[in-house]
Amino acid sequence: MTDILTLTLKSNNKTLVLGDDTKYRLISLDGIEAGDITLNMKANAQYDGSQVTGYRVEPRVITIEADYPSEDSTEDVRHMLEDFFVVQHPGNLTINFMGTIRHIAYYVTSFKDKRQTLLEPLTFSVELTCPNPYFIGDEFSDNIAGKVPMLLTPFSIFKGANLTLAYRKYNNELTVVNPGAVSTGLEIEFIATNVVKNPRIDNLTTGEFLRVIVDMKAGDHLIVTTEHGNKRIELNGVNISQKKERTSTFFQILEGENTLSYTADDGYTNLEVYPRWSAKYLGV
């Protein structure tokens, strides 16, 4: 595998790329390994030691040191970097390390010109603080209520090259695999092709479910998001989170295999259901 390390930073509709095959050379990179973890413990009253009551993965701090070896337009580059690395413009960092690509959102908490004299090449350091410490991998998606191809033929009675015949599968279960290090939330999109009453999706692996008390008509899009800090339900772009059945939950999918299923009080065969998720990792 080709040795490569590149950092792509996007902020305020601007992009900056550091590392191999760019005009900026990486000197050091710290903070992309597994983050700090704090255990919450309660002292035992009658015997030695403590009980673990919970844990928290702390916010991540990534420190980058790089330089601009060229002597051309050094001061223009410095001004550009100062304007790019400002706390008012949070951004997203993508790391490509030997073909492994992961993303993380950040805020700039420090930018420094590291030169001792103006005769030296421009060297700088930047500190990025990531409130959500997890790196995000590729997005996965599938259609639980998909179509199964039956025949592909180059002959067609219609204008065009090929004709594909297919049938709709009404198996309402799908096994999804979360390759990440921790559980993660989902975005589930329900698309109605006809009338549907009170759609529901279950995680058969955990026994949890989420049911929305709503009548859908043909063409309606219902999007349910279960990610921590971003839980919501929208029907055609309108927030209807209050329509969640009280006993249901914004469930997560565990690491490894999870079996999802969907149904509705009426018209479940009129649904297309697309669960989407991104794996979370503790490092790159």
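Q: Which residues of helix α1 are buried?
A: This is a predicted model, in which local features need pLDDT of at least 70 and side-chain atom pairs count only at pLDDT 80 or more, while totals for chains, interfaces and linings use all residues. Residues are numbered from 1 along each chain as its sequence is written, and side-chain values use heavy atoms, leaving out hydrogens and water. Helices (H or I, at least four residues) and strands (E, at least two) are DSSP runs numbered from the N terminus, and buried means under 20% relative accessible area, exposed over 50%, and partly exposed in between (1.4 Å probe, protein chains only). By these rules, the buried residues of α1 are T74, V77, R78, L81 and F84.

Q: Which strands do the buried residues of α1 pack against?
A: The face of α1 turned away from its buried side carries the exposed residues D76 and D83. The partners are β1 (5-11), β2 (14-19), β6 (60-68), β8 and β9.

Q: How many residues apart in sequence are the parts that E75 and R115 tie together?
A: A salt bridge is a side-chain nitrogen of Lys or Arg within 4 Å of a carboxyl oxygen of Asp or Glu. E75 is partly exposed at 31% relative accessible area, R115 is buried at 11%, and their side chains meet in a salt bridge at 3.4 Å, N to O. Because E75 lies in α1 (residues 74-84) and R115 in the loop between β8 (100-113) and β9 (122-130), the pair ties together parts whose separation in sequence is 40 residues.

Q: Which residues are linked with E75 and R115 in a network of salt bridges?
A: The protein has 15 salt bridges by the rule above. Besides E75 and R115, the network links R78, E82 and D113.

Q: Are K280 and E227 buried or exposed?
A: The closest N and O atoms of the K280 and E227 salt bridge are 2.6 Å apart. K280 lies in strand β22 (271-281) and E227 in the loop between β18 (221-225) and β19 (232-235), so the pair ties together parts 53 residues apart in sequence. As for accessibility, both K280 and E227 are buried.

Q: Which element gives the largest share of the lining of the largest pocket?
A: On a 1 Å grid over the protein atoms alone, a pocket is an open set of points where a 1.4 Å probe fits, with protein on both sides within 12 Å along at least five of seven lines, and lining residues have an atom within 4 Å of a point. The largest pocket is lined by 14 residues, with G185, E187, E227, W277 and S278 nearest its centre. The elements giving two or more residues to this lining are β10 (135-141) and β22. The largest share, four residues, comes from β22.

Q: What percentage of the residues in the protein is buried?
A: The protein has one helix and 22 strands. Of its 284 residues, the buried part makes up 39%.

Notes:
Contact = heavy atoms within 4.5 Å.
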